[in-house]
Amino acid sequence: MTEREAVVRLQQVRKSFNVGEPTEVEILHGIDLALAPGEFCAVMGPSGSGKSTLLNIVGLLDRPSSGQLSIAGEETTQLDDQALTRLRGRSIGFVFQYHHLLGAFSALENVMLPMLGLNGFPNAAMRERAESLIDSVGLTRWRDAPAGRLSGGQQQRVAVARALAMQPALLLADEPTGNLDTKSADAVFELLRQVNREHGTAVLFVTHNPALALRCDKTIEVVDGQVV
Ligand SMILES: Nc1ncnc2c1ncn2[C@@H]1O[C@H](COP(=O)(O)OP(=O)(O)OP(=O)(O)O)[C@@H](O)[C@H]1O
């Protein structure tokens with residue numbers, strides 16, 4: 001797979017944090033990873049091994065201390081913050097363990113929020129697209145309900161629809177089912193698989209659940225800051 005073809009490519013990515021001058025701890029020790037378009041990859045590993053740190057870097061929320069990272073064929077390490085924000089907005093969707101929805105806003109409004117961009121004015125096309133996303137995650141009846149009133153599983157469905165608002169090539173899901181009962185977790189996982197199949201969205205899916213990992217295209221394991 002060439003750099004252009006990969007949705008995500010990490011080469012020798014290291015990440016250190018300052019934990020009180022002058023002490024630095026290295027958390028990621030030279031990660032190599034490539035994700036093809038449409039690939040659904042589970043990320044497993046013990047607590048504290050560096051999975052979230054890795055996802056934050058792939059999601060352009062944090063920068064590597066060294067190494068190369070390309071997203072959708074674009075090398076990112078030289079980009080300034082503004083260019084990173086733009087690339088993130090058009091290429092990457094996020095679903096976290098806690099959905100971070102705005103509880104007083106309707107399910108539909110939450111899905112529209114990422115589409116508003118800088119001028120902040122909704123238009124009919126945005127509304128139509130948000131409606132179709134809400135339909136596709138099975139929440140047509142709850143479209144106008146305040147997000148805070150929905151069940152945990154339904155809220156996570158809204159979060160998936162919101163993550164897809166900008167039609168990203170890559171979806172990053174950090175334990176999106178970790179907070180749900182088995183049945184809701186299964187439904188949210190199936191939804192991610194469906195999105196992956198129908199839209200060709202590549203997915204990095206952090207999970208502690210081996211049964212779900214088995215249903216992914218591949219699994220990588222992060223142990224002590226290395227992919228093993
Ligand atoms: N900003 C930071 N400053 C210092 N240390 C950090 C920072 N962020 C993460 N760490 C440390 O990095 C290590 C890896 O954390 P990370 O959250 O990536 O692990 P994880 O594999 O996602 O764990 P879990 O499965 O429990 O979510 C931990 O020891 C954590 O304390």
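How many bridges join strand β1 to strand β2, and in which sense do the two strands run? Nine bridges join β1 (residues 8–18) to β2 (residues 24–35), and the two run antiparallel. Strands here are DSSP runs of type E with at least two residues, helices are runs of H or I with at least four residues, and both are numbered from the N terminus. Two strands pair if DSSP finds at least two bridges between them.

The structure is a predicted model, in which local features need pLDDT of at least 70, side-chain atom pairs count only at pLDDT 80 or more, and totals for chains, interfaces and linings use all residues. Residues are numbered from 1 along each chain as its sequence is written.

The protein has seven helices and ten strands. Its radius of gyration is 18 Å, close to the 17 Å that the globule rule gives for 228 residues, so the protein is as compact as a globular protein of that length. The radius is taken over C-alpha atoms, and the rule is 2.2 Å times the number of residues to the power 0.38. Along the principal axes, the C-alpha atoms fill a box of roughly 50 × 40 × 40 Å. Of the 228 residues, 39% count as buried. A residue is buried if 20 or more other C-beta atoms lie within 10 Å of its own, exposed if 12 or fewer, and partly exposed in between, with C-beta atoms placed from the backbone. Among contacts with a separation of 6 or more, 72% come from residues 24 or more positions apart. A contact requires C-beta atoms, placed from the backbone, within 7 Å.

Strands β1 and β2 form a hairpin with five residues between them. In the turn, G20 has a positive phi of about 85°. N18 stands opposite E24 in β2. Strand β1 is also joined to β4 (residues 66–71), by five bridges and again antiparallel. There, V8 stands opposite I71.

An open sheet of six strands has the order β6-β7-β8-β3-β9-β10, with mixed pairing. β6 (92–95) and β10 (226–227) stand at the edges, each with a single partner strand, so one side of each is left without a neighbour in the sheet. β10 pairs with β9 (residues 218–223) in the antiparallel sense over two bridges. V222 stands opposite V227 in β10.

A42 is placed in strand β3. This residue is buried, with 22 other C-beta atoms within 10 Å. A42 and V206 are 164 residues apart in sequence, yet 5.8 Å apart in space, C-alpha to C-alpha. Neighbours within four places in sequence aside, A42 is in contact with F205, T207, L212, A213, C216 and T219.

Helix α6 (residues 182–199) lies across β3 (40–44), β7 and β8, and runs at about 160° to β8. Axes are lines fitted to C-alpha atoms, for helices over the stretch in contact, and angles run from 0 to 180 degrees between N-to-C directions. The helix has 18 residues and reaches 26 Å from its first C-alpha to its last, close to the 26 Å expected at 1.5 Å a residue. The expected span is 1.5 Å times one less than the number of residues. The buried residues of α6 are A185, V188, F189, L191, L192 and V195. Seen down the helix axis, these buried residues fall within an arc of 150°, so they line one face of α6. The arc is that of the directions from the axis to the C-beta atoms. What covers them includes α5 (152–163), β7 (170–174), β8 (202–206) and α7 (210–214). On the other side, T182, K183, E190, R197 and E198 are exposed. G200 follows α6, and its phi is positive, near 70°.

Notes. Contact = placed C-beta atoms within 7 Å.
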